[in-house]
Amino acid sequence: MSIVDQTREGDVLVLTINNPPVNAFSPGVPEGLHAGLDTAEADEGIRAVVIMGGGRTFIAGADIKTFDLPREQAPDLRGFIARLDAFPKPTVAAIHGTALGGGLEVALACNYRVATRDARLGLPEVKLGVLPGAGGTQRLPRVVGPQKALEMMLSGNPIGATEAKALGLVDALVEGDLREGAVAFARVHADDRPLPRISERPVKDASPELFAAAREGIKKTHRGQLAPSLIIDLAEMAATRPFAEGWDAEARLFMQAKDSPQSRGLRHIFFAEREAGKIPGLTKDTPTTEITRVGIVGAGTMGGGIAMNFLNVGIPVTIVETSQEALDRGLATIRRNYENTAHKGRLTMEQVEQRLSLLTPTLDLTALSDADLIIEAVFEDMDVKKDIFRRLDSIAKPGAILATNTSTLDVNEIASVTSRPEQVIGLHFFSPANVMRLLEIVRADKTSDSVLATCLNLAKRIGKVGVVVGVCDGFVGNRMIHRYGDEARKLVEEGARPQDADAAMHALGLPMGPFEMSDMAGLDVGYLIRQHQAKVRGLPKPDGWLDRIVERGRKGQKTQAGIYDYPDGRKPVPSAEMDQLIRDYRAEKGIQPREISQEELTERLVYSLVNEGAKILEEGIAQRAGDIDVIYIYGYGFPAYRGGPMGYADEMGLKNVVAALEKYGQTPAPLLKRLADEGKTFAQWDREKGQSRAA
């Protein structure tokens, strides 16, 4: 079987793309399709051509791995589409699975499109920092109208075949065999002349106000991003300029977007997320446990949010609390969260009740005896957690997985109090647990491969991005964020205002700066961690300016007062009281405040993350720099188009990162310094480590 198979069905030639797993438009595909058109053009007995995908999908887009190839080596999607658009015989795209990106652009260049009812069609290029580059920005508005086209291209989300049929994007839905239906459709239209070509249609229902509104909208939805702005420009060209002019402009602007740091960052994350699930030593044959019932200890904010993840996918949950009052409060919060979702139209009330029916509340810990997985989600106190795990060890059935949701504590120490340390693992959900996609899967020293594989599979099942990390104080995410917070506090001590540090991170694309994040999480959380660490290490009681804020009863948003004031409960407003506290603190410590530039704020904050990340890599707490980037994007809001902190450092140049750290009096991590001296990147380090593991 060739990469593009030619099969004659009487007077119709069927071209079937066989490029598993998703029929990406990679080298060999355009050549095979051109050969098929050559056959059809040369044979007078062939009246029409059907293009379809073999296996489970049509064409799921261009091969992203080819984006960095020299132009002469990259597959010529535009060249093929130009020929397809001008082809003298009717062409029919037969779509099943997905027609995404370049796949939909191929379909749009055909004269007709038919699809199965479960097919999905879309142009997701914006998610990789690029834009449809083979006619998509010019053809889609001509079919579905500019407003719907902008919605599809700016969100990157696909639509179903039924909606596509209603919009005119699909000409017919095939109920039976797709191949038979497409061939029959092609015969019906074999003599159509002139052939319908989307490139010859006008764009309807366009107005300057529509495009102006779209530009205003992306300031909120795609702040600071290049590709969305270019997409709007091109859609407006489709509405106001000849097709050929928009086609040429699209090619230029596609290259501009593709070669931008933003696209490189997004492509880095695309691959990093897929690599994160690959764990040395784990194979498809690694045995796993089927999770049919989950137990959760603690019905607070975290426990309730964690429970919702399992209820959402139909897994029954038993949730335990120590008092009826706490249990009722937790259940009320879960119900309120679901009802809020229903009010937004994302769930029906029937679905809300169905999910809640899977939840069993109890005050009896022994009710967890039949659970396949038990997750502890109580207060961050080692003695409390160890007591719970001792009790769970005697209650849980053989083979049950015991997980802790600790965000900082030693999972090995927790596991040591059980008779089954190989069944103990950390599952660190991020708050709000029913919303945040990151799940740090903490592999303790004795955690078995089977337990690890089970939890990785479960993460996918509940819609989380699971990243495996090792045991240390704070694991990966919080260990780095503590260092980031330390640097932010130092910057304020030296003269910056909290809002200056937060504004620097906004400018980089983060939704929150370090102090806004601290207020949201609760200043008392960090305060208690600092107190605990000082006690364990035999150090004096911490007495920084942040500690003094907490001791005044200002704990952040939840008390409507923290580093900022919150008169409306959520929006931070600079506090005159806190400004004075900080000034008094500096005076007491003999610190002369100085002006600190936004450049210094940005470099010191971000490079503190990078430096700690390099230490984590060298210690083996994270397997890859890409894993750290995935953690920071899905857990902490680092903008994906920056590539995560480690990807951002690569883009800035590791020599420049080292120079900046040294300028600010920080010692670069040995791995960071070594890579900089060798002229390498973290991405190269990941590849070399991966190759050595494979060898």
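**View 1. Three strands, E5, E7 and E8, form an open sheet.** Their order is E5-E7-E8, and the pairing is mixed. Helices (H or I, at least four residues) and strands (E, at least two) are DSSP runs, numbered from the N terminus. Two strands pair if DSSP finds at least two bridges between them. Strands of a sheet pair through backbone hydrogen bonds, either parallel or antiparallel. Which strands stand at the edges? They are E5 (98-100) and E8 (159-160); each has a single partner strand, so one side of each lacks a neighbour in the sheet. The model is predicted: local features need pLDDT of at least 70, side-chain atom pairs count only at pLDDT 80 or more, and totals for chains, interfaces and linings use all residues. Residues are numbered from 1 along each chain as its sequence is written, and side-chain values use heavy atoms, with hydrogens and water left out.

**View 2. E5 pairs with E7 (residues 120-122) in the parallel sense.** The pairing runs over 3 bridges. Thr 98 stands opposite Arg 120 in E7. Helix H3 (residues 102-109) packs on the sheet and touches both E5 and E7. Contact means heavy atoms within 4.5 Å. The direction of H3 makes about 90° with that of E5.

**View 3. Helix H18 (residues 477-494) packs against helix H20 (residues 514-521).** The angle is about 115°, and the axes lie 10 Å apart. Axes are lines fitted to C-alpha atoms, for helices over the stretch in contact; angles run from 0 to 180 degrees between N-to-C directions. From H18 come Ile 481, Tyr 484, Ala 488, Arg 489 and Val 492. From H20 come Pro 514, Phe 515 and Met 517.

**View 4. Helix H26 (residues 644-652) is mostly covered.** Of its 9 residues, 7 are buried. Buried means under 20% relative accessible area, exposed over 50%, partly exposed in between (1.4 Å probe, protein chains only). The buried residues are Gly 644, Pro 645, Met 646, Gly 647, Tyr 648, Ala 649 and Asp 650. Gly 653 follows H26, and its phi is positive, near 95°.

**View 5. Asp 524 is found in helix H21 (residues 523-536).** Is Asp 524 buried or exposed? Asp 524 counts as buried, at 16% relative accessibility. Its side chain makes a polar contact with the side chain of Lys 558 (2.9 Å). A polar contact is a pair of N or O atoms within 3.5 Å; within protein, one must be able to donate a hydrogen and the other to accept it, and residues adjacent in sequence count only if both atoms are side-chain atoms. Not counting residues up to four places away in sequence, Asp 524 touches Val 550, Lys 555 and Lys 558.
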